[in-house]
Amino acid sequence: MQRKGRGRLRLKRLVLPGEKIGVIEEFLLGEGTYEEEGVIRSQVLGEARLDLERKLAVVRPRTRTPIFPREGSKVVGEVGEVKRQTASVDIFKVDNRLITTPFTGIIHISSVSRGYTRYMSQVVRSGDIVRARVINTKNRIIQLSIMEPEYGVVYAFCSKCGALLELKRTRLSCPNCGRVERRKVSRLYGTEVLE
């Protein structure tokens, strides 16, 4: 199929991974393509576009790319088990995109603050919603940090009655029972969109 787009003549067609699109003598490699023995092939299932004016071969994916937490990604998740020096986090949002299959990340006590912290329970509690940054993904372990001001607990719940804690100045207090609790609170507390 030929289409005129932005003053350029383009050829479009649906291709499978590995399918021949053109030859290296006629076109440059673009996104979604690779070269094998002088032949340009598709890396993904998608729509091949041959830009005849710029001599460029591109394949736009037809399927969604899976979302994985990578080093530097900003994630949001629910705190699961809290131990003396670590806490597990069930990640459900990566770089502001909800994911269907959650990943599990680990926050180590050394990635909480620049100062000394004795117990992880002083920082997060089970059921809290945290915003964190991925600092390492080696060995399939997603290591998280909440050291910077924008990272930490964004929603916390009272450990006595379960109500959502309110942030008043620098303290988290329960509107139902009046209990005051301690967490490493993000400066974005109460504003994170969870949907």
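Q: How do the residues lining the largest pocket divide into nonpolar, polar and charged?
A: The lining has 6 nonpolar, 3 polar and 2 charged residues. Keep in mind that this is a predicted model.

Q: Which residues line the largest pocket?
A: Arg64, Thr65, Pro66, Ile67 and Phe68 are among them, and so are Arg97, Leu98, Ile99, Thr100, Thr101 and Phe103.

Q: And how much space lies in the largest pocket?
A: About 230 Å³.

Q: Changing topic. How many helices and strands in the chain?
A: There are 17 strands and 0 helices.

Q: What is the radius of gyration of the chain, and what would a compact globule of 195 residues have?
A: The chain comes out at 24 Å, whereas a compact globule of 195 residues would have a value near 16 Å.

Q: What box do the C-alpha atoms fill?
A: Along the principal axes, the box is roughly 70 × 35 × 25 Å.

Q: What percentage of the chain is buried?
A: Of the 195 residues, 39% are buried.

Q: And the accessible surface of the chain, what does that come to?
A: About 12100 Å², with carbon and sulfur atoms supplying 48% of that area.

Q: Of the contacts with a separation of 6 or more, what share is between residues 24 or more positions apart?
A: That share is 52%.

Q: Now backbone angles. What is phi at aspartate 95?
A: Phi there is positive, about 50°, and aspartate 95 is not a glycine. Asparagine 96, also a residue other than glycine, has a positive phi near 65°.

Q: Where is aspartate 95?
A: In the loop between strand S10 (86-94) and strand S11 (97-108). Asparagine 96 sits in the loop between S10 and S11 as well.

Q: Why does aspartate 95 count as partly exposed?
A: Because its relative accessibility is 40%, and partly exposed covers the range between under 20% for buried and over 50% for exposed. Asparagine 96 has a relative accessible area of 60%, so it is exposed.

Q: Next, serine 111. Where is it, and is it buried or exposed?
A: Serine 111 lies in the loop between S11 and S12. It counts as buried because its relative accessibility is 10%, and the cut-off for buried is under 20%.

Q: What does serine 111 touch, leaving out residues up to four places away in sequence?
A: Ile135, Leu144, Ser145, Ile146 and Met147.

Q: Last one, asparagine 176. Where is its place?
A: In the loop between strand S16 (171-173) and strand S17 (180-181).

Q: Does it count as buried or exposed?
A: Asparagine 176 counts as exposed because its relative accessibility is 62%, and the cut-off for exposed is over 50%.

Q: What is asparagine 176 in contact with, leaving aside neighbours within four places in sequence?
A: Cys161 and Ala163. From asparagine 176 to alanine 163 the C-alpha distance is 6.9 Å, at 13 residues apart in sequence.

Definitions and conventions
Residues are numbered from 1 along each chain as its sequence is written. This is a predicted model: local features need pLDDT of at least 70, side-chain atom pairs count only at pLDDT 80 or more; totals for chains, interfaces and linings use all residues. Side-chain values use heavy atoms; hydrogens and water are left out. On a 1 Å grid over the protein atoms alone, a cavity is a set of points where a 1.4 Å probe fits but cannot get out, and a pocket is an open set with protein on both sides within 12 Å along at least five of seven lines; lining residues have an atom within 4 Å of a point. Grid points are joined across faces, edges and corners, and a volume is the space filled by probe spheres set on the points. Ala, Val, Leu, Ile, Met, Phe, Trp, Tyr, Cys and Pro count as nonpolar, Asp, Glu, Lys and Arg as charged, and the others, Gly among them, as polar. Helices (H or I, at least four residues) and strands (E, at least two) are DSSP runs, numbered from the N terminus. The radius of gyration is taken over C-alpha atoms; the globule rule is 2.2 Å times the number of residues to the power 0.38. Buried means under 20% relative accessible area, exposed over 50%, partly exposed in between (1.4 Å probe, protein chains only). Contact means heavy atoms within 4.5 Å. Accessible areas come from the Shrake-Rupley method with a 1.4 Å probe; for residues, only the protein chains shown count as cover.
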